[in-house]
Amino acid sequence: MYLRNAWYVAAWDHEVARALKPVRMLDEALVLYRSTSGAPVALEDACPHRKLPLSKGRLQGDQVECGYHGLTFDASGVCTRVPGAERIPHRACVRAYPVVERYGLIWVWMGDPALADPARIFSVPNWGNPDWGVNRGDAMTLNCNYLYMTDNLLDPSHVSWVHQSSFAGAGTDEVALNTDVHEKGVTVWRWLLDVPPAPFYAQFLKFSGNCDRKQHYEVHWPSHAIIKAVFAPAGSGGEDKPLHPDTFVMDSYNFMTPVSSTETRYYWFQMRNFAPDDAEVSARFANSVRGAFEEDRVVLEAVQRGMDEMHTPNLDLAIDLGPLRFRVRLRNLIEAELPYSAPQSANAAVG
């Protein structure tokens with residue numbers, strides 16, 4: 001079902017404070033909090049005694065006290081106190097998960113802690129670049145399997161029908177797609193030449209008239225994506241050509257965290273190559289993007305219901321090549337993972 005040796009987004013950084021925050025990821029219950037130094041901590045959300053969620057307990061300094069019988073656990077999952085006991089049982093421990101804070105997000109490694117390399121977190125090259133504006137992003141929960149979302153984010157063709165008032169535009173319904181499989185994932189892309197700009201983007205362009213537009217949909221295993229929108233003056237775009245000085249570029253970063261087989265938590269933010277300090281532009285981006293993603297939500301939740309209730313097989317088309325290749329490789333990666341016993345008392349902080 002899931003690739004466990006991978007980083008997943010557990011929360012926005014501002015959602016994790018000096019309080020116990022329960023989250024669910026990959027069908028596992030976790031509790032998040034910050035230590036007194038401000039470092040994020042992620043523990044199994046179940047006291048080993050009677051499995052009461054630790055999130056129903058209390059934060060005592062850097063440790064979590066169970067709200068049922070007072071068993072207390074430090075940030076590495078080690079039990080430091082069992083009230084009334086002469087000694088602490090060796091099984092009195094909880095799993096601690098490696099955690100990294102990056103790009104305003106809290107990332108948790110769900111697999112073998114020995115493999116938790118922060119360098120494997122999705123790269124955002126222009127993060128911190130003063131020439132690029134940032135829409136700090138949002139999140140939503142969708143009642144669908146995360147793979148329907150990776151399908152959607154490897155499918156430029158759906159834009160013509162789902163996002164007609166925002167991201168769609170002339171030429172987005174017939175131009176053939178290119179599909180590349182690479183080391184990190186799959187990319188589906190195409191150039192649309194000499195077409196009117198899409199409604200959402202037209203308001204931000206530095207040029208008038210038609211454009212050359214690139215749709216770049218790239219998803220990395222297990223479920224992280226960058227969607228690049230490139231709009232250049234007509235006649236100046238195309239693969240391997242230098243970008244015209246007035247070219248608009250928006251990079252949309254999308255992170256899907258499976259909650260269960262039918263629920264996904266979706267996080268995103270956008271970066272743009274103009275108006276780096278314009279809060280009004282960021283607000284317009286945020287509102288428009290949220291509206292478009294709500295359109296996706298309606299479709300994807302209906303797809304989940306339709307696939308659950310189908311009485312005849314579904315049909316795959318040529319436009320599904322990217323999503324299908326992504327799924328095949330992801331399944332191979334999942335099957336290749338070896339079972340492991342996670343250390344219960346190792347320090348899980350990762351720099």
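Colleague: What makes strand S9 (residues 99–102) and strand S10 (residues 105–109) a pair?

Modeller: S9 and S10 are joined over four bridges, in the antiparallel sense. Two strands pair if DSSP finds at least two bridges between them, so S9 and S10 qualify with their four. Strands here are DSSP runs of E with at least two residues, helices are runs of H or I with at least four, and both are numbered from the N terminus.

This is a predicted model, in which local features need pLDDT of at least 70 and side-chain atom pairs count only at pLDDT 80 or more, while totals for chains, interfaces and linings use all residues. Residues are numbered from 1 along each chain as its sequence is written, and side-chain values use heavy atoms, with hydrogens and water left out.

Colleague: Which residue in S10 stands opposite Val100, and what is found between the two strands?

Modeller: Trp107 is the one opposite Val100. The hairpin of S9 and S10 has two residues between the strands, and Tyr103 takes a positive phi near 60° there.

Colleague: Why is Asp27 called partly exposed?

Modeller: Asp27 has a relative accessible area of 37%. Buried means under 20%, exposed over 50% and partly exposed in between (1.4 Å probe, protein chains only), so 37% makes Asp27 partly exposed. Asp27 is found in the loop between strand S2 (21–25) and strand S3 (28–34), and its phi is near 65°, a positive value in a residue other than glycine.

Colleague: Where is Ala275, and why does it get the label partly exposed?

Modeller: Ala275 is in the loop between strand S17 (263–272) and H4. Its relative accessible area is 23%, and therefore it counts as partly exposed. Ala275 also has a positive phi, near 45°, in a residue other than glycine.

Colleague: What makes a set of residues a nonpolar core, and how many residues has the largest one?

Modeller: The members are buried Ala, Val, Leu, Ile, Met, Phe, Trp, Tyr and Cys residues joined through side-chain atoms within 4.5 Å. The largest core has 60 residues, and Met25, Val108, Phe248 and Tyr266 have the most contacts inside it. Helix H4 (residues 279–309) gives the most to this core, with five residues. A second, separate core of 22 residues includes Tyr103, Leu105, Ile121 and Tyr267.

Colleague: What does Met25 touch?

Modeller: Contact means heavy atoms within 4.5 Å. Leaving aside residues up to four places away in sequence, Met25 touches several residues, among them Tyr8, Leu30, Val108 and Pro258.

Colleague: Which residues line the second largest cavity?

Modeller: Leu142, Met149, Asn152, Leu153, Tyr266, Phe293, Asp296, Arg297 and Leu300. A lining residue has an atom within 4 Å of a cavity point, that is, a point of a 1 Å grid over the protein atoms alone, in a set where a 1.4 Å probe fits but cannot get out. Helix H1 (146–152) and H4 each supply at least two of the lining residues, and the largest share, four residues, comes from H4.

Colleague: What is the peptide bond from Trp221 to Pro222, cis or trans?

Modeller: It is cis, with omega near 5°. Pro222 lies in the loop between strand S14 (211–220) and strand S15 (224–233).

Conventions. On a 1 Å grid over the protein atoms alone, a cavity is a set of points where a 1.4 Å probe fits but cannot get out, and a pocket is an open set with protein on both sides within 12 Å along at least five of seven lines; lining residues have an atom within 4 Å of a point.
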